[in-house]
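Visitor: I'm new to this one. Could you walk me through it?
Guide: Happy to, so let's take a look together.

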Amino acid sequence: MRLFGVSLGEGNAKVGQIYTFSLPSHTTCPGASRWCLEHCYAHRYERLRSVCRQAYQRNLVLAQQPEEFVRVMTGVLPRILPSMRIHVSGDFHSRVYVNAWERIATAFPQTRFWTYTRSWVVPDLLGSLERLRALANVQVFASTDPTMSLPPSGWRGAFVQTDPRASGMQCRQQHGHVASCLDCGYCFRQDAGSVVFLIHEDPPVSPGIEEHGVEEERPRERLKERRTRHEPAEYEVPVFKLQLVQESTVKTGPITTPGDVAAMLTDVASADREQMVAVFLSTKHWPVGRQTVSIGTLNASLAHPREVFKGALLSNAHGLILAHNHPSGSVSPSQDDDRITAAIADAGRVLNVSLLDHVILSPDGRFYSYREEKPECLKTERGRPEQSPTGCASATKARTIRNANPKETQS
Ligand SMILES: [Zn+2]
């Protein structure tokens, strides 16, 4: 369950319907022993389940702002909450964090909190933990293992079964005497007595995931199946929704001549760097959109069909016109211009979006139209005559340069 940036577990088969709060393991465990790190099933889960890892990471970000943490927790926890386990994963890692829990527990006197911690071995944290432990509604267990010393005197201990010093009640849930912690309650309803746990040798397939307080994202059968087939752990694949975002609008009429294109793109013509723009057209050659494909010196990689057709496909264009400027003022097409034109024309045939023209613009208003001057470059491979080294057929006829300004054209 995720509320206001905090991810709370809502219990599972093991603990019952109990809220849990967890943090990333290892990094928040200053009291972890080597034994503990080797046997840490929380860590194994986090590695397997990115959803856990991310939820715990979010919790840690919140926990590092103690005031906000207390405010959020006291805001989201139900007023009538019978019990809550602090940390299925992670541990008390700073005094301010322990103090935050002291404040939260104080705000919920009716709720029985309980936690198992190894942070008691950190001298700097012991005092804060003692204060937390002193609250009537909080049970703090000192976890230990064969490589650690015995819990401080007066503390309830949490032992592992293989520890020769272990004493206390065997976990009744692990031994199948009760269905869940909620049915037992020895750890949080009693205020004395140690507990002896079995070691989680291997992470159980599914209940442990729930145990970590994060909803399962897949049916457990799928996970089980994957484990038996030894497939790699799953990873997250983003789910996309594609949409066009309108940035601004430009005024234009229907586009029937290269002059119309030049008139629509005066801003591109006067730009101080090369820009390639695609104008998308409807079946009736009305412009339905315009997109800047690349900015900077044009080469075939910058004006790749991938970039050009992204917008064309999203805007359901029937055809498109390419245009780019030559800040130098010359409108003669380069060999790269020829190659780009031919490549886009070929891709357009496959995608059923025709390249109708490619117009080169100059800052002084002149322009060059492939449709008028080198139509063979717009033809797709099949229709294109003998190829020149530039990629489209050589054009020998003299180029006629025209002007976008109608007044000047008339004069
Ligand atoms: Zn060019």
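Visitor: At roughly what angle do the axes of helix α4 and helix α5 cross?
Guide: This is a predicted model, so keep that in mind as we go. Take α4, residues 66-76, and α5, residues 95-107: their axes come within 10 Å. They cross at roughly 25 degrees.

Visitor: Is α4 roughly parallel or roughly antiparallel to α5?
Guide: Angles under 35 degrees count as roughly parallel. The crossing here is at roughly 25 degrees, so α4 is, relative to α5, roughly parallel.

Visitor: And is the crossing left-handed or right-handed?
Guide: Follow α4 as it passes α5. That crossing is right-handed.

Visitor: How many residues of the contact of α4 with α5 are nonpolar?
Guide: On the α4 side we have P66, F69, V70, M73 and T74, and they meet V96, Y97, A100, R103, I104 and A107 in α5. One residue of that contact is polar and one is charged. The nonpolar count is nine.

Visitor: Over in the strands, which residue in the hairpin of β10 and β11 takes a positive phi?
Guide: β10 (residues 275-281) and β11 (residues 287-295) pair in the antiparallel sense over seven bridges, with V277 opposite T292 in β11. Five residues lie between the strands, and a positive phi near 65 degrees belongs to one residue in the hairpin. That's H285.

Visitor: Over residues 203-219, what is the pLDDT below?
Guide: The protein averages a pLDDT of 81, and 81% of the residues score at least 70. Residues 203-219 have 47 contacts in the model beyond near neighbours in sequence. Where pLDDT is low, the predicted coordinates should not be read in detail. Over residues 203-219, pLDDT is below 50.

Notes
Residues numbered from 1 in each chain as written. Predicted model: local features only at pLDDT ≥ 70, side-chain atom pairs only at ≥ 80, totals over all residues. Axes fitted to C-alpha atoms, helices over the stretch in contact; angles between N-to-C directions. Helix = DSSP H or I, 4+ residues; strand = E, 2+ residues; numbered from the N terminus. Parallel < 35°, antiparallel > 145°, perpendicular 65-115°, else oblique. Left-handed = near helix turned anticlockwise from the far one by under 90°. Contact = placed C-beta atoms within 7 Å. Nonpolar A, V, L, I, M, F, W, Y, C, P; charged D, E, K, R; others polar. Pairing = 2+ DSSP bridges. pLDDT = per-residue confidence, 0-100.
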